[in-house]
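Me: I would like to go through the terms used for this model and see what each one rests on. Please set each value against its definition.

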Amino acid sequence: MTAPPLVIGETVPVDVGAEREQMERVWGSKRGLWGWITTTNHKEIGKRYITTAFIFFLLGGIEAAMMRAQLSRPENSLIGPDKYNQIFTMHGTTMMFLFAVPIMEALGLYFVPLMVGTRNVAFPRLNAFGYWLFLIGGSFLYVQFFLNTGPDVGWFAYVPLSGPAFGPGKRADTWAQTITFTEIVAIVGAIELIVTVFKQRAVGMSLNRIPIFVWAMLVTAFMIMFAMPAVATASMYLALDRLVGTHFFNPAEGGDVLLWQHMFWFFGHPEVYIIFLPATGLVSTMLPAFTRRPVFGYPAMVLALISVAFMAFGLWVHHMFATGIPQLAASFFTATSTMIAIPTGVQIFCWLATIWSGRPRFATPMLFIMGFIFLFVIGGVTGVMIASVPFDLQVHDTFFIVAHFHYVLVGGAVFPLFGAFYYWFPKVTGRMLSERIGKWNFWLFFIGMNMTFFPMHWLGFYGMPRRVYTYLASTGWGPLNLLSSIGALVIASSVITFLVNVVVSLRGGAVAGDNPWDADTLEWATTSPPPPYNFLHLPVVQGRSALWDEGDERQVTVGTSTERREVLLTTPLDAQPDSRESHPHDSVWPLAMALAIGVLFITAIFTPLALPIGGALALIAFAGWAWPTSQDVESEKSDEKISLEGA
Amino acid sequence: MCSRFAEPAARAGIVVLVVLALAACSRERRTFHDSPPAASVAAESAKAVRSDSGVSRDGPYGNNAWALSQGKQLFSAFNCVGCHSHGGGGMGPPLMDSAWIYGFEPANIYATIANGRPNGMPAFKSRITPQQTWELVAYVRSMSGQGSKAARTNRSDEMEVRPAEAQTKTEKPVLVTPPPTVTPPAQEGHP
Amino acid sequence: MRPLTRAVTIAAAALACAGCSLHNAQNALDASGPQSARIAGLWWLMLPIAAVVWVIVIAVMLWGAGRKRSVREVMETRGGTEVVANDEARSRRMTRIVAAGAIVTAVILFLMLIADFRVGQALTMAPSTKVVPIKVVGHQFWWEVQYPDSVPNKTVITANEIHIPIGTPVVMELSSPDVIHSFWVPSLTGKKDLLPGYTRSLWFRADTAGVYRGQCAEFCGLEHAKMGVLVIAQKQQDFDAWRAAQLDSATTPSDSLAQHGKAVFLGTTCVMCHAISGTSAGATTGPNLTHLASRSTIAAGTLQNTDANLYAWISDPQRIKPGVLMPATKLDPRDMQALVAYLRHLK
Amino acid sequence: MSALCACALSLNGCGLDVHRTPAGAEGQQPHIVLQTALPPGGTGAQIAAAATAPEDGQWIRPAKDFASSRFSGLNEITTSNVAQLKPAWTFPTGVLRGQEAAPIVVGHMMYVVTAYPNLLYAFDLSKPGASLKWMYNPKPATSSQGEACCDVVNRGASYADGKIIYATLDNNVVAVDAESGKEVWRTKVGDINKGETMTMAPLIVKDRVLVGNSGGEMGVRGWIKGLDLKTGAVKWTAMHTGPDSVVLIGPSFKPFYKKDQGTDLGVKTWPGTTWQIGGGGMWGWISYDPALDLIFYGSSNPGPWNPEQRPGDNKWTSTFFARRPETGEAIWAYQMNPHDLHDYDGVNESILLDIPWHGSKRGILVHPDRNGYMYALDRATGEVLYANPYVHITSSDSVSLKTGELALNPTKEPKMGKIVRDVCPAAPGGKDWQPSAFSPRTGLMYVPHQNLCMDEQPTAVSYISGTPYVGMDVRMKPGMGGNRGFVTAWNPVTGKPVWRISEPFPVWSGALATAGDVVFYGTMEGWFKAVDARTGAPLWKYKTTSGIIGQPVAFRGPDGKEYVAVMSGVGGWSGAIVAGGLDPRDSSAALGFVGAMRDLPRVTPKGGTLYVFSLR
């Protein structure tokens, strides 16, 4: 079997139905349950990822609502401290580890291959494995929660409260192991993104033409590679302390309780940017469609992303000012924490310039973008305030901080995300979400958000610490808390509105064409929803705004195999054709591997036997995964290095 | 086919979940407001007090991680450590070994704490509440590896002087007669 | 500037919480000492800057979104889509504005940084004058307070209520034997963590007499929410008198009920955790009760120290603070009353 | 000087003449000569003249004489014939706890007190096989066993005025008619409900029976009492904490050093009212100088062990006192371990000696303290002539002769939440209660002691009456060199060791020196050993059925022969792991001693047998 010659820069050839059928056969998954569990299609997995993470978002939201219900009035006896501590820990853990990071990565895993114009992610089986492991890890946390074994030590799990002496039972073990799960998942996703972006971009998509969302995901993926190992190591230390009896965090035997905080926040602060940077990518990618112009200051935006990523690793100690860090060291972290406002500011200014110089269309995604700027700037300026050591000493661990980071994370990440849901829903499902309900959704969310979190700034000044399950009436915090709780109800109604919109639109939403927003990125170049192979013919990119810069005719690459799964690899910098490579088939082994690893991690908190048993299972799964099938052998024979002359 | 398969599977799943729930719930329950078996149940100091005394095999808290950790705190706070060290004994007998002088059933240990024993163990009936006493009973038993391993306490944030309770071998408890400290030799001229 | 910033703040506050003004004893903006005053000053500096920045950004956004487009801003069709035509001159102009914005941002941030450092330096500089040293130990879920003295038997031990003289710096030595706590009395100073394995120090001064409330600010377990502390700032002579009174051992009550109460105390669960100087009760697990009646609150700032509250607290602390380490004590009502009478006698 | 000495003690060479004895009997421990050329006439030190007793073949108090020399003038057993020593008779007491008592020999009778239940056996030595004449059982309260910190031992009885007098574990001082075995009087002097117990051997001076309490680990308040020899009535009580009036500090109290001067220091140096539960018992040895009419003894450690709960000097714990025996009035005091950090009791023996000192004769007492220093104090004033280390010390650097202050090593100060590692000597000190002997023939002191270090961590502790009040987690371990015990021959004139014998386990038995230039001691494995008093060379040993922690004595039997007697029966603090059946997995057991003694149960069983040896 010889491969047909590769032709780059053809104008769109005649669409042959038979070719579509053939590609469908090659790239499609089997029907039924088997096909569902074996699929390695990034869109299938991305969809599942998004849905699963969104379900965790709903669960975390229910927890938030419960907390607000408990705090709505002083000395409320609705939820006792035992349950409350579990609930706020679950809320934090869910939102950070099971919702925010995964959903951003999930969006990346779904859209990055489409945006860079390739057929699948680089390591599709690993991708499937990542999803299954995420599902197992997240379900594990929730099963444990329902079994009264939910963690109750805060999402930050400070030792010694989470250590063996003060955290009896398996609650903190559950937390530590959930972290291990999610860190592995995050790293798996990061590997996918990095390799896909570097090696599988469409011909012509040189580094300076990558859509900003893809840049953001790339930068985020690198951040994950550096941040997650810190917390994975920390959670492993914690598990060892708790289960084996090591002394990493036992000050008596030479351990250190601050070691945990350093390791945790070395991850924890970049984590905020791991969530926030993809959100800025979403904004920068959506904004052109609604302002009718490319985003202003592309190089500045990219540089801002990269510099934020670097700086994010130099300010973790501002979470620890109250621990008595020496003044000089604290000053360094104050300075870096302040400095990071500059690239963030540049991004905001660029968006403002884009809006100012564009022709805004106020569709729901645009409302969410403007809401994002409105809210995020509040979170941003309070962020600059708390970078100040003395000011932080007053508001640290109070509701002021709760207000601050909800403005940053809800305003800065959830709002763009909801905008993205409205923006890409047609691409994923083929139907538009209702704009009418969408407006309701936005305004309820916007009003609820401010009602819930703005009063918290004042609660912080009035001395209300975080993580309290109740407060005395004499503190006078009651009215503001009540207001905040009502705001939470409004947010809840907004989320319900969104769910209604999804259900209604899935059934009877307007049918979307390929490119309902007239947007400029490559995912809009294919059908909605995209076929399993993404593009019948791989696109060729001629400018930064792929669809707006394609000149008179859309150019494509013709000649990749239709007989087997094959992806085109391009060079990292200029995206010139490098080689064509066979692509793995669907497989059940990623699921088997995830199950084996799941068994290993989950049983490890109960018995040391988990290591040999889980290890053996994982080995079996690994052997199955790596076992070459005849199909694979055959395929690999035709892998070919492309000589550029032939192109 | 699917439904035929799913039904038993779902049933099995439910059973597994219920079992898990029972195990996890009893292990993790924070017992702030408990009314453990009446103290009178255990007030008998007879060695014959057994499981049929109304106290379950591991005592009311033998498998409850929270109560065990509370018991461990109380064991230090109430100076049990002074005599029994961290289980190795000193002024008092060791508690991490298999030998029990006054009975190893939870009710026996309860009686030992509450009523004291003649060779130096003080009576704490009026000074330690029944719930705290049961927590101490659970912890004392866990020192020699009795009760659920998953619920037992692990190392404390202190000097490591012994392997943690969760890593202690489960001893098979045996009743011993305390070696008589006095056996004056029978000799002539002995008054 | 000052009235303006206040006006802005009040407007913002009114926006946030329709007229609920708080005058409580636990307020970081209601400063009663130089530390909290400086930090509050920082806030009053940063708030207007932040407000102005925010207002400008939002104004530009809304104006930019809603402004009428001039005829010169033409559209063109690219890739089959109507988009705004590229205008090199305008782009250059915008680039300059964005760059200027970045520079202004940097300058503002730099100025704020200088203010931060100045306040930070003022807060950390150790007081050179005569100070009152106090040792504070955080426990789950109460505060142990010691006033060390060069003559050891002049050491005062109390709990949950810290008396300090006004005008004199107080240097606190903070430590914790269990988990991390954080000492925070907002009206007086920022917080400082109590870390197992470390001793941290915190100094502050109160300038006006009064009772300032604070509470643990680092999540420390079940009753983190009810781990309050009162700082009672008083005139030097009042403080000296209080301190002298705290040195006395507890007296044996004269009335028979309280005498019986003492017997109840010494014969029941109380002695396992509490100390009363001058009696055989010498446990350190719970707060020292030698002068319990002189304190205004019980249960770590949770309840007013009244007969009824004390009765309720002793009979079932788990109802008031679930998870607190104090067990419910089952006593018959007469013993209970006697016990309360005795404890209330411990002035 | 101390640096040099520490160097010598570290046994790392330092140019000293360190050699081992030629391989002798198997299992023989290395014996190290630290200072060569002992002059044939000895060091010049002599037993304090007034406190000696003419050798009458009896042994009427555990320390033999008021100077506490434990020197027997009998010389039938010599270096050349000691190898023929054989057991003459043995007697199993039936009590299987630590046997620390010294047999008492009065005329043709021998008396032995056992560990709890404190049985008193009387043997008629004139009968064949020294048959048991009577046994007296004081029936101490069983609950007293739960109040004794470190095994239920008893350190022996004293004889005077036809009565055998000793203290029971439950704080009764009993006088038993030496002939009939009938109780003459019984005085309860302490309260087990407060944690008090008694383990010491009384000293009888004139018509005073001097006794003190144990319980520094139980929150007791320490005291010494003078009882009337005739009636047992308490004539005076001197507390070791509290105001001067109860410490019996009056106008004649003249401490040598400024640090010990002041009023009511027993109150002022304690926080709050903690002096009322501050420990400072008195369970060790008392010496008496008839010429000065002063008794000398040290008080025990302050309680709790956790020093953070008792800031201040904690007077008068771990303090050496000189008092008038009739009235108890304090004459001078010297606190060796102010604010004691490591359970360094001051109760060890003091041997009263007259030594040549800078050209003149000086009346001193030599006191090997738990803190690792051998103190030579002027008997009349309490001035420290020297304080030299006799073991490896890390807990402190030196003792100032000018101020009398102990220079503590700040890195070894226990702090809550932290472990202090490698504190040497460990809590039992360089030497515990096990008394030394002195031979005027060699002028050397023979000091049985241990070589232990520890890791410790203070923990918050509550005072709950009747329960231990310690607040310290301890795990002990062998000191430098890996052996846990030493017998050191000490030159009291130069203040330097002369030779020493390493033993694998702590040497927890007393020492005995005889005029035959033989020194006897027992080991925890059960060996009863005789060594050359001049060189330390091993001469003889005999394996008893259990570890020896008793006090050997020598006496002349009714048949005129010289006998040596010792109790065998392991226990005490060091042997609690065997006597109490403790679990070796917990290194903090027995207040941390188990950490260093895990292998003892493999070496010796419990026991309780009296051994009497003679030449055949």
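Me: What makes the meeting of Lys226(C) and Glu75(A) a salt bridge?

Reply: A salt bridge needs a side-chain nitrogen of Lys or Arg within 4 Å of a carboxyl oxygen of Asp or Glu. The side chains of Lys226(C) and Glu75(A) meet at 3.4 Å, N to O, so the pair qualifies. Between chain A and chain C the count is 3 salt bridges.

Me: What are the ground rules here?

Reply: This is a predicted model, in which local features need pLDDT of at least 70 and side-chain atom pairs count only at pLDDT 80 or more, while totals for chains, interfaces and linings use all residues. Residues are numbered from 1 along each chain as its sequence is written, chains are lettered from A in the order in which they are written, and side-chain values use heavy atoms, with hydrogens and water left out.

Me: How many residues does each chain give to the contact, and how much area is buried?

Reply: Chain A gives 92 residues and chain C gives 92 residues, contact being heavy atoms within 4.5 Å. Chain A and chain C bury about 7700 Å² between them, 71% of it on carbon and sulfur atoms; this is accessible area (1.4 Å probe) lost on putting the two parts together, summed over both.

Me: Why should residues 43-52 of chain B not be read in detail?

Reply: The mean pLDDT (the predictor's confidence in each residue, from 0 to 100) of chain B is 81. Over residues 43-52 of chain B the pLDDT is below 50. Where pLDDT is low, the predicted coordinates should not be read in detail.
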